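Me: I have a structure open and would like to go through it with you. Can we start with the charged pairs?

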Amino acid sequence: MERPVDIRVGDLVRLIDSEWLGHPVGLVTEIRNLVHDQTDQKFTAVTMISEGREFTFHEKSFELVSKAERQQR
């Protein structure tokens, strides 16, 4: 499954598709590839933590603010 932006665990992201939550900035803690049981449609869900609260939305609901520094292996 391709992601529109290469968001990975540890990146700083902003939630952009939720006016009622404001547009919190948070740290990505989990990324899951899921399948909707009834339609068999595949999608990616991203979980971020912001101010001690977790938010999980479709990957397209986030924009990348800053990439985490990663060590080359």
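Reply: Start with Arg14 and Glu63, whose side chains meet in a salt bridge at 2.8 Å, N to O. A salt bridge here is a side-chain nitrogen of Lys or Arg within 4 Å of a carboxyl oxygen of Asp or Glu. The pair links distant parts of the chain, with Arg14 in strand E1 and Glu63 in strand E5, 49 residues apart. Strands (E, at least two residues) and helices (H or I, at least four) are DSSP runs, numbered from the N terminus.

Me: What kind of model is this, and how are the residues numbered?

Reply: This is a predicted model, where local features need pLDDT of at least 70, side-chain atom pairs count only at pLDDT 80 or more, and totals for chains, interfaces and linings use all residues. Residues are numbered from 1 along each chain as its sequence is written, and side-chain values use heavy atoms, with hydrogens and water left out.

Me: Back to that pair. What is the relative accessibility of Arg14, and of Glu63?

Reply: Arg14 is at 28%, so it counts as partly exposed. Glu63 is at 31% and is also partly exposed. The cut-offs are under 20% relative accessible area for buried, over 50% for exposed, and partly exposed in between (1.4 Å probe, protein chains only).

Me: How many salt bridges are there by this rule?

Reply: The count comes to four. One of them joins Asp11 to Lys67, with the closest N and O atoms 3.2 Å apart. Asp11 lies in the segment before strand E1 (12–15) and Lys67 in the segment after strand E5 (62–66), so this pair ties together parts that are 56 residues apart in sequence.

Me: Asp11 and Lys67: buried or partly exposed?

Reply: Asp11 is buried, at a relative accessible area of 0%. Lys67 is partly exposed, at 37%.

Me: Which residues does Glu30 pair with?

Reply: Glu30 meets Arg32 in a salt bridge, 2.6 Å from N to O. Arg32 has a relative accessible area of 48% and is partly exposed. Glu30 is partly exposed too, at 31%. Separately, salt bridges that share partners join Asp6, Asp11 and Lys67 into one network.

Me: New topic. What is the overall fold made of?

Reply: The protein chain has five strands and zero helices. Its elements run β-β-β-β-β from the N terminus on.

Me: Which strands does E1 pair with, and in which sense?

Reply: E1 pairs with E2 in the antiparallel sense over three bridges, and with E5 in the antiparallel sense over four bridges. Two strands count as paired if DSSP finds at least two bridges between them. On the E2 side, Arg14 stands opposite Val25. On the E5 side, Leu12 stands opposite Ser66.

Me: Which residues of E1 are on its covered face?

Reply: Val13 and Leu15 are on the covered face, while Leu12 and Arg14 are on the uncovered one. In a regular strand the side chains alternate between the two faces of the sheet.

Me: Which residues make up the largest nonpolar core?

Reply: There are eight: Ile7, Val13, Leu15, Val28, Val46, Met48, Phe55 and Phe62. A nonpolar core is a set of buried Ala, Val, Leu, Ile, Met, Phe, Trp, Tyr and Cys residues joined through side-chain atoms within 4.5 Å. E1 and strand E3 (42–50) each supply at least two residues of this core.

Me: What is Phe62 in contact with?

Reply: Leaving aside neighbours within four places in sequence, Phe62 is in contact with Ile7, Val13, Arg14, Leu15, Ile16, Val46, Met48, Phe55 and Phe57. Contact means heavy atoms within 4.5 Å.

Me: And Ser61, where is that?

Reply: Ser61 is in the loop between strand E4 (53–58) and E5. At 7% relative accessibility, Ser61 counts as buried. Beyond its neighbours within four places in sequence, Ser61 is in contact with Arg14, Leu15, Ile16 and Asp17.

Me: Which residues make the nonpolar surface patch?

Reply: Leu12, Val25 and Val65 make a patch of about 190 Å². Patches are made of residues with over 30% relative accessible area and no salt bridge, with nonpolar side chains (Val, Leu, Ile, Met, Phe, Trp, Tyr) joined within 5 Å and like charges within 9 Å. Areas come from the Shrake-Rupley method with a 1.4 Å probe, and for residues only the protein chains shown count as cover. Val25 lies in strand E2 (residues 25–35) and is partly exposed at 34% relative accessibility.

Me: What share of the protein chain is buried?

Reply: Of its 73 residues, 25% count as buried.
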